[in-house]
Amino acid sequence: MAKKTTKTSSPVLPDPTEIIEEILAKYPNKVAKKRSKSIVINDPEEKSEVQANVRTIPGIITQRGCCYAGCKGVVLGPTRDIVNITHGPIGCGFYSWLTRRNQTDPGPEGENYMPYCFSTDMQDSNIVFGGEKKLAQAIREAYQIFNPHAIAIFSTCPIGLIGDDVHSVAKEMKAELGINVFGFSCEGYKGVSQSAGHHIANNKIFSNVVGLDDTIRDGKYRVNLLGEYNIGGDAFVLEKYFEELGINLVATYSGNSSIHDFENSHTVDLNMVMCHRSINYIAEMMEIKYGVPWFKVNFIGAEATAKSLRKIAEYFEDEEMKAKVEEIIAREMLEVEKALKEVKPKTEGKLAMMFVGGSRAHHYQELFTEMGMETVSAGYEFAHRDDYEGRHVLPNLKVDADSRNIEELDVQKDEAKYRQELADKKAGLVEKGYTFSDYDGMMPEMKKNALVIDDISHWEAEKIIEFYKPAIFCAGIKEKYVIQKYGVPLKQLHSYDYGGPYAGFKGAINFYNEISRMVSATIWSKLKAPWKNEPVLVGKFADAPY
Amino acid sequence: MLRNIEHKKSEYTATRNACKLCSPLGASLAYKGIKACVPIIHGSQGCATYIRRYLISHYREPFDIASSSFSEEAAVFGGQKNLNIAISNIIEQYKPEIIGICTTCLSETIGEDLNMIISDYKAKHASEDLPEIVHSSTPSYQGTHADGFHETVKSLVAGLAKKTEPVDRINLFSGFVSPADLRHLKEIMADFSLNFSMIPDYSESVDNPNWSEYKRIPDGGTPVSEVIESANAYASVELGYVFNKGYKAGRIKNKSQEVQTAGEYLESKFNVINHQTGLPIGIKETDKFFDILEKLSGNPMPGKYEKERGRLIDAYVDGHKIMFGKKAIIYGEEDLVIGLSKFLAETGIDVVLAVTGGNSGKIKPILANSNQNGQEPMTIGDDMDFEDLADIAKDLGANIMIGNSKGYYIARELKIPLVRVGFPVHDRFGAQRIHHLSYRGTQELFDRIANALMEYKQENSAVGYKYL
């Protein structure tokens, strides 16, 4: 295994106090006060607190989307064999129509409804007189056309306001058609970001889908991978490792997934959580109800991948699997090291920043560290405090009005299906120092003085670019052309700039090459970056090699 | 000879793969065409995020749109407070000359009174030097993105235009076309020595050159003063036949209330003579546009355009063997579909299917009354989606599709080429630079269509001739 690439003689990051003051000075007092709590100078020793998952201030241009986007777009969008019907006017369905690059492999005969965008396309009369009949008819039509195993309904803003009861329509249609039909009350105005939609999606899938099929599938070991969405084919890379290890991957939530797998997903021996933010709810609920333990994994970064694979083999306490894991790591690291040797002269010592998602801004720091790059600033778009500071803050989280409006399911132990042997196994491993239900968050792994910004705005991004002069900025398509006007390349970590996969060892190599190309392209020298007009803050960087 | 035109309606209640986007998207683009304007979408922040996402992937440029970020509380008790905060924050951060607010299904469903909210805001901040604040009503359950665009252009003039002293200038309302089209229209105006004000003008603001330093608000756009003075112009030229008329079709309340275009509004209110003609695509439609310009300017068509027109006719002749008898499927906004249809009829291509997600009911009478020389019957589907299109297309034996990126999957299934025009185009580079209008734009379309047909023939030939 490769040595950790972070240098022991790592430079001290500059103190960003000055730039924070400059950022806040532009805001009206109330806004400045609010934002100051979400802009934090990291100190791994002090354990600073970040204000997260609070409302975006109107008029501040945000990266965030809405509840519907989190529910339909993120969590349920990648499942190929549920016909998704957007109940509302046309925009929402259109904008979430296969825009996230979730790949899927239905096989030669398999069903795949992901390329279809069904909407009730509500008109004036539906808003006035109600849209339940139209919805019922749309469900019948979807059934007639595809004869699917399940149909899901996603509510947009006006639905809750006009009082359409999507859940009773779902119930009626379920009885009429004899297939699973379920609705999500994921109106856009709920919660403070797409995060609310993740929670709503988790709840409904758990209550209406998980546990419907008790068949014990083949294989010595069965697992689920939660929070992996198969952007750019990430899940395809990971599936191969599990296959090699003799592990039956029952369900991935929700990249390359099928509803049949969700129905069966409570029968596994272990839940592995990739994106903690979007999917931890199902992991928690599955443990309470069925006794399936979960732990956090990360397959972004070669070393992180190696670490996660080892953790899995240790969980199963299987010597053969442990040997196989070492074999895979040894084999793959050869290629990884070769690639690193090529890119490092171009990447080492350069600065990166990333503002994306609810876990990507953390996971991708691993890849940059491997390339010898420094993450000077990072933040999430829609995460909560536990994603920054670790799950130990969960008992102290303030429950505000926005969170209270999102239902918490009252989950009870299912006496018949509960797997006591898994709970016992977990207890035994815990005694040996093995950690479960664990996520320490982004901040403990970031350096002192790194700048953490939750729900970053346009203005804030501008100022920190001026301050740090990064070699690369990672965010999404909405930010891409803004940042590039500054003469800084932007790597999209939502859609991968139409590239990928970036997961696992193979993915890491793809990422190294892509970043190396981006940070060394000569085109950027043709653009005049803002700091080229201003004196460089020499003092700030005097000790640093960059 | 009049063609056999059949009008089909969708057999489905659900919309399956929509051939339209929502009206606040069109509104946001129209606002972007006003100088130093920042749009605010009054609704959930998801609307602004989704719409920015979509516009940015088409134009590949920064596209700031603010949101009043409705929470659950605002959805119940009203969004006035949120909108006030949004306006104040935008003024503070951007120092805009104008703020353009459009509504959404959310704010319209709860009945937000934008006139009241804005006048309250102005009263509260009476001592400050406020930017202009205008609004347009664009619930996504009425009409399409094209309706939202034209409704917003109308709202801009209705909100700002004031009759004072006459100006030696015409208003040009260009429609939902590409930045390259807008630049070309401006060139034409200048060549006719016409003083004009193009409303809106997003030719720069969504297709910027690289900058030496970042601009919070991109350059370009129609100055607010010109929108105000639009009442004083001596004439307006409006490109389109349908505009925001689909808006009315969606309504159940106030159906009788007339939907006016910007040009119609200025004519009825301020006697600014309005000249409407369709999007200038094809020889005849462009001739009509140039006739209007000749009359308004008193100048003959500049020689440059005579030549472009001549070359285009020459290309029609030379390319006839490639185009004649080929069957095309076209789709998109209603005005684009009408323009493409009239152009293709001139080339010998038969449009066998014209589909739009719009619902003004105007396409059929317009196409039925124009002389068509097609051999094949034509099916018109308005208020249709891509799955309706695919169902009908199966048996048509079409040779080519012309429209936006969303129809690609059907072209792929039918194994025929797709020539990308209109909006959205996110699977090809340079969407903002596609020319559609005037002789020059038509020439480019003609060449692209002819080449697509030739390429198809070449690739599907057993021999692989390179001399075609």
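Hi everyone, let's start where the two chains meet: 61 residues of chain B are in contact with 64 residues of chain A. Please keep in mind that this is a predicted model.

Which parts of chain B give two or more residues to that side? They are strand 2 (15–16), helix 2 (45–59), strand 4 (66–67), helix 3 (72–77), helix 4 (80–94) and helix 5 (105–109) of chain B. As for the kinds of residue on the side of chain B that touches chain A, we have 26 nonpolar, 23 polar and 12 charged.

There is also strand pairing across the two chains. Strand 3 of chain A, residues 118–119, pairs with strand 2 of chain B in the antiparallel sense, over two bridges. If you'd like one spot to look at, find Phe118(A), whose bridge partner in strand 2 of chain B is Arg16(B).

Now let's step back and look at chain B as a whole. Its secondary structure comes to 19 helices and 15 strands. Along its principal axes, the C-alpha trace of chain B spans about 75 × 50 × 50 Å. Of the 468 residues in chain B, 58% count as buried. And if we take the contacts in chain B with a separation of 6 or more, 75% of them come from residues 24 or more positions apart.

Next, a sheet in chain B. This one is an open sheet of six strands, with parallel pairing and the order 1-13-12-11-14-15. Which strands stand at the edges? Strand 1 (5–8) and strand 15 (418–420) of chain B do; each has a single partner strand, so one side of each is left without a neighbour in the sheet. From one strand to the next, the twist averages 20°.

Let's zoom in on one pair. Strand 11 (327–331) and strand 14 (400–403) of chain B run in the parallel sense and are joined over three bridges. Here Ile330(B) stands opposite Ile402(B), which belongs to strand 14 of chain B.

Finally, the helices that pack on this sheet. Helix 17 of chain B, residues 386–393, touches strand 1, strand 11, strand 12 (350–355) and strand 13 (378–381) of chain B. The direction of helix 17 makes about 150° with that of strand 12 of chain B. Helix 19 of chain B, residues 438–459, packs on the sheet too, touching strand 14 and strand 15 of chain B. Its direction makes about 150° with that of strand 14 of chain B.

How values were computed:
Residues are numbered from 1 along each chain as its sequence is written. Chains are lettered from A and ligands numbered from 1 in the order in which they are written. This is a predicted model: local features need pLDDT of at least 70, side-chain atom pairs count only at pLDDT 80 or more; totals for chains, interfaces and linings use all residues. Two strands pair if DSSP finds at least two bridges between them. Helices (H or I, at least four residues) and strands (E, at least two) are DSSP runs, numbered from the N terminus. Axes are lines fitted to C-alpha atoms, for helices over the stretch in contact, and angles run from 0 to 180 degrees between N-to-C directions. Two residues are in contact if their C-beta atoms, placed from the backbone, lie within 7 Å. Ala, Val, Leu, Ile, Met, Phe, Trp, Tyr, Cys and Pro count as nonpolar, Asp, Glu, Lys and Arg as charged, and the others, Gly among them, as polar. A residue is buried if 20 or more other C-beta atoms lie within 10 Å of its own, exposed if 12 or fewer, and partly exposed in between; C-beta atoms are placed from the backbone.
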